[in-house]
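These are my notebook entries from a first look through the model shown below. I kept to a few places and wrote down what I looked up at each of them.

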Amino acid sequence: MAETLPCPRHGEAAMDATRLAPYGRLGRMRTAYGVETVRAAERELMARLPDGALMQRAAAGLAAACADLLGRVYGSRVVLLIGSGDNGGDALYAGARLARRGAGVTAVLPAPDRAHAGGLAALRRAGGRPVGLDAAEELIERADLVVDGIVGIGGKGGLRPDAAPLADAAARSGAAVVAVDLPSGVDADTGEVRGAAIRADLTVTFGTHKPGLLIDPAREYAGVVRLVDIGLALPADATELEALQHADVARLLPLPGAETDKYRRGVVGIAAGSSRYPGAAVLAVAGALRGGAGAVRYVGPAADAVIARFPETLVSDRGPKKAGRVQAWVVGPGAGDDAATVAEVLATDVPVLLDADGLRLADAGAVRDRGAPTLMTPHAGEAAALLGVSREEVEGARLASVRELARRYAATVLLKGSTTLVARAGGAGAVRVNPTGTGWLATAGSGDVLSGLGGSLLAAGLPAVDAASVAAYLHGLSARFAADGAPLGAHDVAEGIPEAWRDVRG
């Protein structure tokens, strides 16, 4: 059974026509496993199967995916890029299957003596032919389909110099590019891309997703991801990444009952905004109200702007300590240099969401020493400042960065971006990756809406990792609905949250 994820390179238009099928209505969380766990599961399965049976399973799934992409196999021109590992063997056996269906299949062999012998023999028997690197560029230019079987899941550090021109030629061609298990040149465990790499239109991965297929920048190289079940038994306690789907989020959403009052729904405090950035307060309050809070208490200099837009907000000018009963705080959006308010909020004994200026103003020791949960929500630039590294380093190693922040601050961390990641306090365990993000969220104020939404879920009693994950999911889904293929503003994202909520509930 195959499962397919949408293509980040081609945007919303590449999604299933149902719009929401890629996020999953099957009711099971999507998971990804690291290379060593996958290899151990493969070894265990191979010990119970006839010799070569596992590779044949993979090749059959790969060939079927290629045939689906081609539409018409007979007469098509297929070029296989073959390395020395098992990925090359998978590609050769799949190529043999396509050749038997009438495709013209050519295998480019940078190192012929190291190619998978059985796969190469099968290709020859089916009428395919092997060639050297000299003929590669012309063949790729005329191909309908290019299959990347250069490097397997253990590859590190980008393509070697002899293989890099193959990636360039594939990118320049009009051919569809299919990667075997993951694009050659990307890091399966981390999602890092440190050198030349194949850019695929479709990646056919086997047994389980690999972290690099779900995390940028590698995710951008993977295109559509199709998971082929080959029978691996994977341990639940070794999961590296997990992605919520509709049913998972629906189970976590806080719903009012017959006896619910505003305090049972959760009262969230918003300490945000300044004379320079009053809109940050308005947007954070909007996110909190749309996120299901029973009441929102606002503390800060933007009270007039907040009340004008949301008269139901409870405002106070006496600071967080005297604002009244609050079950979670959001502090930092648009706060300017108000370090005193940030410190006052961090000293409370309720969950705190720390965002924007609050991240810069917070004392690291005060965050680590808190008894109640803390949720930090930096973007890459803010994460870089907290870690003392460049923004490029964070963006190139998102998984390592979010884990390190969670470890260093003993806080749950939501690292915003094209693939939003959520790490549990301390950095251990599976990291969650949000599947609903969209480039339309790269607009001023959208992070303030996310903060208010996350704060409302904390106030409702969700653990920090769940509040962060559900907030990111609804936030991304709302943006997709609100944008519908066109630009949007942060206020549109806030207004779209109820629609996202209803859709998740089904």
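Before looking at any side chain, I noted what a polar contact is: a pair of N or O atoms within 3.5 Å, where within protein one must be able to donate a hydrogen and the other to accept it, and where residues adjacent in sequence count only if both atoms are side-chain atoms. I also noted that this is a predicted model, in which local features need pLDDT of at least 70 and side-chain atom pairs count only at pLDDT 80 or more, while totals for chains, interfaces and linings use all residues. Residues are numbered from 1 along each chain as its sequence is written, and side-chain values use heavy atoms, with hydrogens and water left out.

**Entry on D148**

I looked up D148 and found its place in strand β6, where helices (H or I, at least four residues) and strands (E, at least two) are DSSP runs numbered from the N terminus. The side chain of D148 reaches the backbone nitrogen of I150 at 3.2 Å. D148 counts as buried at 0% relative accessibility; buried means under 20% relative accessible area, exposed over 50%, and partly exposed in between, with a 1.4 Å probe and protein chains only. Not counting residues up to four places away in sequence, D148 touches several residues, including L81, V178, S184 and I198, contact here meaning heavy atoms within 4.5 Å.

**Entry on strand β6**

I then followed the strand itself, residues 145-149, and found five of its five residues buried, so β6 is largely enclosed by the rest of the structure. In a regular strand the side chains alternate between the two faces of the sheet. Here L145, V147 and G149 point one way, and V146 and D148 the other way.

**Entry on the recorded binding site**

In UniProt, an unreviewed entry lists N87, D148 and S184 for "binding site"; such annotations may be inferred rather than shown by experiment. These residues span 98 residues in sequence, yet no two of their C-alpha atoms are more than 9.7 Å apart, so they gather at one spot.

I looked up N87 as well, whose place is in helix α3 (residues 86-100), and it is buried with a relative accessible area of 7%. Leaving aside neighbours within four places in sequence, N87 is in contact with G149, V151, G152, V180 and D181.

**Entry on backbone exceptions**

Most residues other than glycine have a negative phi, and most peptide bonds are trans. I found a cis peptide bond joining D216 and P217, with omega about 5 degrees, and P217 is in the loop between β8 (202-206) and α7 (218-222).

A356 has a positive phi, near 50 degrees, and is found in the loop between β15 (352-354) and α13 (357-361). Phi of A410 is also positive, near 50 degrees, in the loop between α17 (398-409) and β17 (412-415). Are these two residues buried or exposed? A356 is buried, with a relative accessible area of 17%, whereas A410 counts as partly exposed at 42%.
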